[in-house]
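Biologist: Could you take one part of this model and walk me through it closely? I'd like the geometry, then what surrounds it.

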Amino acid sequence: MTDDQGFPVLYYHRVSPDADPRTGVTPEQFAAQMAVLKKLGFAGTSLERALDGAGQGEGSPVVALTFDDGYEDNYVHAAPILESFGFVATIYFVAERLGKRVDWTGDPLWSGHSLMEASQARDLVSRGFEAGSHTLTHPDLAKIPDTLARQEIGESRERLSQELSAPVTTFCYPYGSFGPQHPAMVREAGYRAARTVRRYRFGGRPDPFRMACRPVSGRMGLPRFTLTMLSYSLGLRGGDVP
Ligand SMILES: [Zn+2]
């Protein structure tokens with residue numbers, strides 16, 4: 001057993017030489033992690049492609065690589081490293097913040113970092129990356145009225161698919177926060193899956209609108225990263241590695 005969806009999902013934020021270990025990894029750390037994946041035989045891919053291939057049981061085991069918020073450093077640093085290993089990934093964009101800076105929190109750890117321009121996002125899509133939605137403005141869905149939440153979920157999909165000329169099929173909950181009504185809203189808006197920030201699946205059975213994942217930050221050393229991925233490749237739950 002890997003995770004409920006049959007393959008591991010990792011999630012990142014920043015990839016930058018100046019990333020605080022709580023918000024991201026350095027390009028060197030990231031390259032070392034991707035080398036571990038390659039060495040263990042994993043193909044790093046987007047969530048969408050991983051879902052397409054799930055259950056087919058052929059070829060290399062896949063790991064879905066996902067990045068929240070769409071930081072410009074993902075374009076500058078992460079994408080070329082991924083491609084050097086033959087990997088792609090999913091980037092979760094905040095539709096109304098393309099080309100802007102993080103303004104949804106006053107926390108100096110996160111606030112003010114540059115987000116990708118639409119042209120950079122389009123370039124990544126043309127290189128095989130998946131553009132997913134992380135809402136319009138990055139609200140905490142559990143704290144806003146349902147009408148607004150529905151708009152954040154639905155309109156971000158339309159906006160991004162128009163602006164990036166690409167289908168937007170997966171969603172990611174800001175702050176990993178959602179109420180019991182939100183997974184259905186995501187489904188009704190036309191997405192096929194949604195990623196949370198939880199390491200373990202919710203309830204007793206797999207749910208594509210509450211997908212579990214493994215966070216990776218600069219605080220996770222290479223030995224623990226390796227052990228986590230090794231446990232996945234052995235068919236254990238990687239999330240169980242402390
Ligand atoms: Zn976010």
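This is a predicted model: local features need pLDDT of at least 70, side-chain atom pairs count only at pLDDT 80 or more; totals for chains, interfaces and linings use all residues.

**A close look at helix 3**

Modeller: Helix 3 runs over residues 72-84, so to speak a 13-residue piece, and it reaches 19 Å from its first C-alpha to its last, close to the 18 Å expected at 1.5 Å a residue. There is a bend on the way, though: a kink of about 40 degrees sits at A78, shortly before the proline P80. A78 also turns up among the buried residues of helix 3, along with D73, N74, Y75, H77, A79 and L82. As for what covers those buried residues, the list includes two helices, helix 1 (27-39) and helix 4 (118-126). Strands are on the list as well: strand 2 (14-15), strand 4 (43-45), strand 5 (62-69) and strand 6 (90-93). Just past the end of helix 3 comes G86, with a positive phi of about 80 degrees.

Helix 4 and strand 6 come up again if you look over at helix 5, whose buried residues pack against both of them, and also against strand 7 (130-133), strand 8 (170-172) and helix 6 (182-188). Those buried residues of helix 5 are A149, E152, I153, S156, R157, L160 and L164.

Stepping back, the whole chain has seven helices and 10 strands. Its radius of gyration is 17 Å, close to the 18 Å the globule rule gives for 242 residues, so the chain is as compact as a globular protein of that length. Buried residues account for 45% of those 242.

How values were computed. Residues are numbered from 1 along each chain as its sequence is written. Helices (H or I, at least four residues) and strands (E, at least two) are DSSP runs, numbered from the N terminus. The expected span of a helix is 1.5 Å times one less than its number of residues. The bend at a residue is the angle between axes fitted to the seven residues ending there and the seven starting there. A residue is buried if 20 or more other C-beta atoms lie within 10 Å of its own, exposed if 12 or fewer, and partly exposed in between; C-beta atoms are placed from the backbone. Two residues are in contact if their C-beta atoms, placed from the backbone, lie within 7 Å. The radius of gyration is taken over C-alpha atoms; the globule rule is 2.2 Å times the number of residues to the power 0.38.
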